[in-house]
Amino acid sequence: MKTNDKHTNNKKANTFRPEENYNQFMEESVLPYILPRREERYLSRKVGQQIYCAFFTADGASSDPDTNEHSTSTGADHDSGNVRGIILISHGFTETADKYFEVIYYFLKAGYHVCIPEHCGHGRSYRLAGEDLSLVYTDSWQRYVDDLGFVAKAAKDYWEQKNKLPLFLFAHSMGGGIGAALTAKEPHLFHKVLLSSPMIRPCTGGVPWPAAKLIVSAMCAFGKNKSYVIGQHSYDGKETFEESFATSRARWAWYKAKTDAEPLYQTYAASYGWLREAVRLNRFLIQDAWKQITVPVLLVQAMEETVVSKEQQELFVRKLSARLVRIPGAKHEIFRSDDETVRRYIKGCLNFYSSTAETS
């Protein structure tokens, strides 16, 4: 891609430093590239329940000046200009598609079509919690899985390549748990699966997991399914960078501004009903799902993780005999780390997808 933007010209050649002026990088490099390639659609698996989806069409593999990586540098044998596949992104708890614009940019530049839906109760998709835009609620974890499977097949149809382009999964946090469950239920849907800080089990603060399960069960039995988990509250915009799950202040601030400006993005806290389903999802993943997953899986773990259980991630990997990569210094949102970590992280993701190896 030719570019004359100030962001690129002001940097030394062959460097990757978007943090130096992140807003300019997003506004002058990322958004002008990805938005013309985006089509927004609302899909309905059930009548009246619309799932927001964004479809980004790649031009094909090309040299990427912003990451100083060439899409064929991974060793895979691809002709320049050919689309490599489709990446389905499954986002995390309280997130939206817009949070992944930078990641989408790198995937598009590497020659992958990208589809990202917003899960039930998030962003512009249908909600079950009533008018409270801050609260995350679901009646069943399987709803998330069924919705994601429905969108995955729609993505294949969208590019009319049902049996030609491989479909890959990139799944973060809650979306990782959902994606792992979908991979178990439909073992032939994805070619490869990358789980980034996946929620095999959420952390519950100072409350031991067995006690948390008892409390959640009791609260739901008393009809508190759609009530805030104790200690959580509606969005107030007061989160600081230091409290966040990012290590890049610039990346955090860019999306924080978008969230403050758009009420639909202000999904913020868990209900007891959501936590009950997280308990049930954890049980499925650890007891059953791993037996049904046959495709290569890469689990990327943040070493400074505080949101989801690292021990449960490692147990899941051992059961799967999958590959585990640990990222030193990274918090939960690895894709919102410092420039060097993001560069190496994205390169690792693309290497995994493009590798011809049959095992992870």
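I began at K319, which at 31% relative accessibility counts as partly exposed, a class lying between buried (under 20% relative accessible area) and exposed (over 50%), with a 1.4 Å probe and protein chains only. I kept in mind that this is a predicted model, in which local features need pLDDT of at least 70, side-chain atom pairs count only at pLDDT 80 or more, and totals for chains, interfaces and linings use all residues. I also noted that residues are numbered from 1 along each chain as its sequence is written, and that side-chain values use heavy atoms, with hydrogens and water left out.

**Entry: K319 and its helix**

I placed K319 in helix α9, where helices are DSSP runs of H or I with at least four residues, strands are runs of E with at least two, and both are numbered from the N terminus. Leaving out residues up to four places away in sequence, I found that K319 touches I286 and W290, contact being taken as heavy atoms within 4.5 Å. For K319 and W290 I read a C-alpha to C-alpha distance of 6.3 Å, although 29 residues separate them in sequence.

**Entry: α8 against α9**

I then looked at the helix pair itself, and found that α8 (residues 272–292) and α9 (residues 310–320) pack at about 15 degrees with their axes 9 Å apart, which makes α8 roughly parallel to α9. The axes are lines fitted to C-alpha atoms, for helices over the stretch in contact, and the angles run from 0 to 180 degrees between N-to-C directions. Angles under 35 degrees count as roughly parallel, over 145 as roughly antiparallel, 65 to 115 as roughly perpendicular, and the rest as oblique. On the α8 side I listed N282, L285, I286 and W290, and on the α9 side Q312, L315, F316, K319 and L320, as the residues that make the contact. I recorded the crossing of α8 past α9 as left-handed, meaning that the near helix is turned anticlockwise from the far one by less than a right angle, clockwise being right-handed.

**Entry: α2 against α3**

For a second pair I took α2 (residues 22–34) and α3 (residues 101–109), whose axes come within 10 Å and cross at roughly 50 degrees, and these two helices are therefore oblique to each other. I noted a left-handed crossing for α2 and α3 as well. Among the residues that meet here I marked F25, M26 and Y33 in α2, and F101, Y105 and L108 in α3.

**Entry: V307 and H332**

I found V307 in the loop between β11 (297–302) and α9, where at 22% relative accessibility V307 counts as partly exposed. Beyond four places in sequence, V307 touches P202, C203, F245 and H332. The contacts of H332 beyond four places in sequence include H172, S173, S197, F245 and V307.

**Entry: the whole chain**
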